[in-house]
Every structure is written in C-alpha cells, then in structure tokens.
Amino acid sequence: MSEPEGVRPGARAGAGARAGAEARTGTAGTGGATGTGPGRLLVAVYAVFALAAGARAGVQIGTKFSDAPLAYTLSALAAAVYVLATVALARGGRTSFRLAVAACSVELAGVLVVGTLSLVDSAAFPDETVWSGYGRGYGFVPLVLPVVGLLWLRRTARSGGGTLAGDGRPAGGG
Amino acid sequence: MTTVLATAIIVVALLAAAHALVTALRDRPMGVDHLVVLGVLEVLLVAQAVVGFVKLADDQGPRSPATFVGYLLAVLLIPAAGAGWGLLERSRYGPGVLVVACLAVAVMIVRMNQIWSGTGV
C-alpha cells in the first residue's frame with residue numbers, strides 16, 4: 001500500500017482504519033463494512049453483473065452502435081452503475097456507502113424505467129440490454145439485486161458498522 | 001466449442017459449487033481443497049479458450065464472434081477473481097463467493113453454447 005508523502009495524520013488514520021476494520025470484521029463474519037460477511041456475496045454477484053453488462057455494452061457499442069444508439073447507451077450506463085456499485089460496496093467506508101446507495105437507487109430506477117419502456121415501446125429497444133423486460137434475460141436478477149443491495153446497506157448502517165466504524169477506530173492496517 | 005469440453009466444464013463447475021455450498025453450510029472458511037478444484041476449473045477454461053480460438057480461426061462458429069470471444073475471455077477471470085475475493089473472507093461467506101462464481105461459470109458456458117450454435121442469441 002503506497003502512502004503519499006506529507007499526508008495529514010487524520011486522513012491517513014481514516015484510510016488505514018477503514019482497511020483495518022474491513023479485515024477485522026472479516027473474521028467476525030457479520031456486520032461492519034458493506035463488503036464483508038454476507039456483503040461479500042453481494043459484491044460477488046455485483047461483480048459478475050458488472051462484467052456481464054460491461055462486456056455486453058462493449059460488444060454492442062464496438063460492433064453495431066448505429067443499430068440502436070439509445071439501447072446501447074443505456075447498456076453502457078447500466079455497466080457503469082454496476083461497476084460503481086461493485087467498487088463502492090467492496091470498499092466500504094462513509095463515501096463509498098453513499099456512492100453505493102446512489103448506485104443501487106439509480107440501478108433500481110433504471111431497471112424499472114427501462115424494463116417498462118422496453119415492453120411498451122419495443123421499437124426503441126431492438127436489442128436486449130441487461131435491464132430489458134426487467135432483466136428477464138438474466139433471470140430477473142437485475143431487478144432483485146438493487147433491492148437486496150439497498151436492504152443490505154440499510155442493515156450495515158443500522159448495525160453501526162459500515163458507515164462510521166472505520167472513522168472512529170485507530171489505524172490497525174494500512 | 002466442443003460438447004465434451006463444455007459438458008466437462010459445466011459438471012466441474014456445478015460440483016465445485018456444491019462442494020463450496022456444503023462448506024458454507026458447515027460454517028467453514030475456504031481451504032486448499034477449494035483452490036485445487038478452482039484450479040482444475042481454470043485449466044479446463046483455458047483449454048476451452050485455446051480450442052475456441054483455434055476453431056474460430058478455422059472459420060467455425062458464429063458469424064459475428066465478438067460476443068463469443070468476450071465470453072471466452074471473461075469466463076477465465078471468474079475462478080481467479082472468486083478465489084481471491086473468497087480468500088479475503090475467513091468465514092462461511094468465503095466459500096459462498098465460490099458458489100456464486102462457479103454457478104456464473106456454468107451459466108456462461110451454457111450461454112456460450114447457445115451463441116456458438118446460433119440459438120437464443
């Protein structure tokens with residue numbers, strides 16, 4: 001882990017403690033940062049979807065963008081949201097927590113809006129995206145995932161772990 | 001794609017998922033045995049990538065192979081990433097990650113078969 005020179009003690013302790021808290025709650029198994037315990041499963045599923053959506057968007061935009069610019073742009077947006085959610089959930093800490101909430105909310109809105117539009121106005125969506133038909137091409141996991149993500153974030157916030165624990169503890173790692 | 005290899009990968013992936021699931025249900029962390037199984041899976045996936053590219057070069061397979069190549073390469077990342085992410089967690093959720101990873105591999109192989117044969121694209 002490389003530390004920039006002349007970094008303020010407070011900032012350094014915060015970053016270090018966050019990594020330390022993650023490692024510590026890893027052994028405890030529950031609570032704590034969003035990327036440990038059951039959250040690790042959530043991050044794993046998110047990572048798979050980040051990969052799936054990203055690869056799909058890359059192929060679509062790289063090979064036939066002009067066929068359906070709207071659908072493919074949405075594909076890329078979905079991929080970006082999944083990547084953001086994966087990273088934010090995996091990292092934990094206060095800023096990441098907010099990012100994760102935002103990403104999951106955008107994702108939920110996206111799957112609902114795009115899912116509805118793809119059924120109502122199928123002409124605008126000639127090709128599938130991860131969010132088409134509420135994610136039916138992916139076993140409706142894209143619909144369930146943001147809900148589970150938001151519930152998990154709420155639970156970690158309540159247990160006092162994820163959001164604040166890292167900042168209060170002395171530097172254990174880093 | 002060769003049916004034999006694809007079937008072998010799916011079987012190994014499902015067995016690995018079941019093995020990891022049992023470990024998770026028994027509340028144990030990941031062990032060396034999981035890494036060995038993932039290693040076998042990864043070797044099979046590399047073999048599939050080689051066979052896949054040879055066959056594509058020989059003009060077999062789907063007409064626009066971009067998606068297929070994407071799967072062929074992306075699936076290689078899954079066991080390695082799953083192992084790394086699972087090892088960080090010294091609880092039952094470590095093998096839990098492997099369940100997700102192995103099931104993802106199995107689903108991706110099924111999807112690759114569909115793309116290869118031109119059905120369900």
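Predicted model: local features only at pLDDT ≥ 70, side-chain atom pairs only at ≥ 80, totals over all residues.
Guide: Welcome! Local features here need pLDDT of at least 70 and side-chain atom pairs count only at pLDDT 80 or more, while totals for chains, interfaces and linings use all residues. Residues are numbered from 1 along each chain as its sequence is written, and chains are lettered from A in the order in which they are written.

Visitor: How many residues of chain A are in contact with chain B?

Guide: 17 residues of chain A are in contact with 18 of chain B, where contact is C-beta atoms, placed from the backbone, within 7 Å. H2(A), residues 38–64, gives the most to chain A's side, with 12 residues; helices are DSSP runs of H or I, at least four residues, numbered from the N terminus.

Visitor: What makes up the contact of H2(A) with H4(B)?

Guide: H2(A) brings residues including Leu41(A), Ala44(A) and Val48(A), and H4(B) brings Val97(B) and Ala101(B), among others. The residues divide into 10 nonpolar, one polar and one charged. Ala, Val, Leu, Ile, Met, Phe, Trp, Tyr, Cys and Pro count as nonpolar, Asp, Glu, Lys and Arg as charged, and the others, Gly among them, as polar.

Note on methods
Contact = placed C-beta atoms within 7 Å. Helix = DSSP H or I, 4+ residues; strand = E, 2+ residues; numbered from the N terminus.
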